[in-house]
Amino acid sequence: MFYIVTAFHTEAKPIIEHFGLKKITRPCRFQVFVGDNIVLVESGMSIVASAAATSFLLTEFGAGTRDVALNVGVCGAKEKSLKKGDAILCHKIINHDTKRAFYPDIIVKHAMKEGVLETFSSPVDKGEYSESRIEGDVVDMEGAGFFEAASFFLPPHKIHCVKVVYDYLDGERVDPVRVWEYIRGNIPLIENLMTCYNVLDEWCPEFFDEEEPEIVREISRGLKLSVTMTYQLKFMVRSYMARHKREPEALKEFLNVKVSSKNEGKIYFERIKEILSH
Amino acid sequence: MKGLKKYSVIKSFSHIYVEEGVMDHPVTREIIGKFPGAVKIGIKHYKDVFCRPRQNFIVQEMSRKLILARKKGEIIYSGPEVCQDFGNKNFYYTSPILNCIYGCEYCYLRGMYPSANIVVFVNIEDYFKEVENLLKQQPVYLCLSYDTDLLAMERIVPFTSRWIVHASDKRDLIIEIRTKSANYSAIRQLPPAGNIILAWTLSPSEVIEKYEQKTPSLELRLKSIKKAADDGWKVRLCFDPVLYFENWQRAYDYLINQTFATIQPEKIYDASIGVFRISRDYLKRMRKIASASEIIFYPYEERNGIYSYPEELKEEILEYVFGLVRKYLPTEKIFI
């Protein structure tokens, strides 16, 4: 699943249109749009708003380690070496207020430029701010909040800020049409990044830890196993599968067993331990 | 599968993280000069990148990044109990680099570090100073290449050469540089030093193909060893870890016969034999990340916080491999 966080509807609109996302109709604190394998939330402006919306989204939809979170939006660039409309994949995100820096792992291929994003609590105008006080190549008001919040849920190679250069921190008025055009123009690059993640996930082995396999759940229920015993069973099954490269067929005979007491369950559990130790 | 990976994953060392304090260090400049296309990212402390929560070691192994940093605090450590001291007193080890480019499936580094990225401590001069301070108190036996493969990294950062040059005139210092690489050519220009031991880890081809996939083949390793031994270096052979698998006896028969058919036994300084062993905490972490590794999920037995084969099997393996090596080397040159 791809979780996309934007600040404003003008940034979200081209993504919603491109992927055919539909607005969730149930009451919700944030505007959420869903589609095939994509969920998008509009956070509103500020570090805290972005962090709140990101946490909400990843909790509400039960994000796991196989999912990806993207913060997409416009930004201001410090230097004119970056052109308006350029998409920047940020390899370092600095919270200007706390000076805390976050580092996504850039593992998958992409066709964007890379740079450092610095997130401020208020709009930055180069006329009022000396350039030396700006550490980032690009500046926004959400990225660090998004990244810090997403880091509680996902590994660092699954969290990215994609920022599209809108102005040069010169206080230019935001034109919704131009924002739409800039984001729309970079959707192929964002989609390419997403495709690479899909390919990576096909290649990566399934992480068994995330959820119990069905057979473990069923047997645990039927044998009235304790939490500890269920955990042991899960480990034994995983261990068996790693050693034999197949599921333990002999376990299937325990699927229909329903015990009437925990003691009876323990007797079956010992038998299972013996079977899985080979 | 390889095609899929090639399609989606950036090649290793595409990004180099550099601590602010070492930006201008000559070793930093030397390394960066070798990767002109890499993206350089400034960091405050290497742990800001290396110790991030929830990193995926297996995914990072596909596209390792370099982290250049300054080692602060303790630099040289007492030799760990699970490692062989080869009869040396004052056994120490140090880690100029954290992590290894090879990523062997059974390697404890997968359980030891939170990240697969490679940290190079560029301040090698501080390591040298620390060794000199230690040498003022006592002779030192120092192992350099436990938490990395230093010789395998030689083309990226020539620490092996620098250590050899630095240590070669220090009488009270014995250095062991352990490797699986076939990169002897990178240090061949140096004159052999009597206090430097080049130690090669050797495994049967079956093990290399299955669990040490990124390492050089047995043949290439043996060629390197032969050249080093013929040039007059002290060469140590490490049959460690010896692994238990179907037909292991036959595999180790072949390995040891092949080794001594290639290298004259009298040119070998000594050898070590050790079965697979790993600390409880490392194994626990490795089992979390290595979802389908038969070697990691073997039902090892725990003794004093260390997991290894059941005692009887361990003894059988050690005795068998010792018997094979004993055909070529005198007992006093074999360490278990």
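Modeller: By the rule used here, there is one cavity of 30 Å³ or more (on a 1 Å grid over the protein atoms alone, a set of points where a 1.4 Å probe fits but cannot get out; points join across faces, edges and corners, and volume is the space filled by probe spheres set on them). Keep in mind that this is a predicted model, where local features need pLDDT of at least 70, side-chain atom pairs need 80 or more and totals for chains, interfaces and linings use all residues, while side-chain values use heavy atoms, without hydrogens or water. Residues count from 1 along each chain as its sequence is written, and chains are lettered from A and ligands numbered from 1 in the order written.

The largest cavity holds about 60 Å³ of space. Its lining (residues with an atom within 4 Å of a point) is made up of Phe57(B), Glu61(B), Arg64(B), Asn99(B), Cys100(B), Gly103(B), Cys104(B), Cys107(B), Leu109(B) and Arg110(B). Helix 4 (57-62) and helix 5 (109-112) of chain B each give that lining at least two residues (helices are DSSP runs of H or I, at least four residues, and strands are E runs of at least two, numbered from the N terminus). By type, the lining splits into five nonpolar, two polar and three charged residues (Ala, Val, Leu, Ile, Met, Phe, Trp, Tyr, Cys and Pro are nonpolar, Asp, Glu, Lys and Arg charged, the others, Gly among them, polar).

Now for the contact between the chains. It draws 37 residues from chain A and 39 residues from chain B (contact is heavy atoms within 4.5 Å). Together the two chains bury about 3,300 Å², with 60% of it on carbon and sulfur atoms (accessible area, 1.4 Å probe, lost on being put together, summed over both). Tyr103(A), Ile107(A) and Trp203(A) account for 21% of what chain A buries against chain B, more than any other three residues. The rule finds one salt bridge across this interface (a Lys or Arg side-chain nitrogen within 4 Å of an Asp or Glu carboxyl oxygen): Asp105(A) pairs with Arg52(B) at 2.7 Å, N to O. On the side of chain A that touches chain B, strand 6 (87-95), helix 4 (176-203) and helix 6 (227-244) of chain A each give two or more residues. Helix 4 of chain A has the largest share, six residues. That side divides into 19 nonpolar, seven polar and eleven charged residues.

Over all chains, the structure holds 35 salt bridges. One of them joins Glu270(A) and Lys273(A) at 3.8 Å, N to O. Those two sit three residues apart in helix 7 (residues 262-276) of chain A, so about one helical turn separates them.

Most residues other than glycine have a negative phi, and most peptide bonds are trans. Lys224(A), not a glycine, has a positive phi of about 50°, and lies in the loop between helix 5 (214-222) and helix 6 of chain A. Asp240(B) and Pro241(B) are joined by a cis peptide bond, with omega about 10°; Pro241(B) belongs to strand 11 (residues 234-242) of chain B.

Notes: 1 Å grid on protein atoms, 1.4 Å probe; cavity = no way out; pocket = protein on both sides within 12 Å on 5 of 7 lines; lining within 4 Å.
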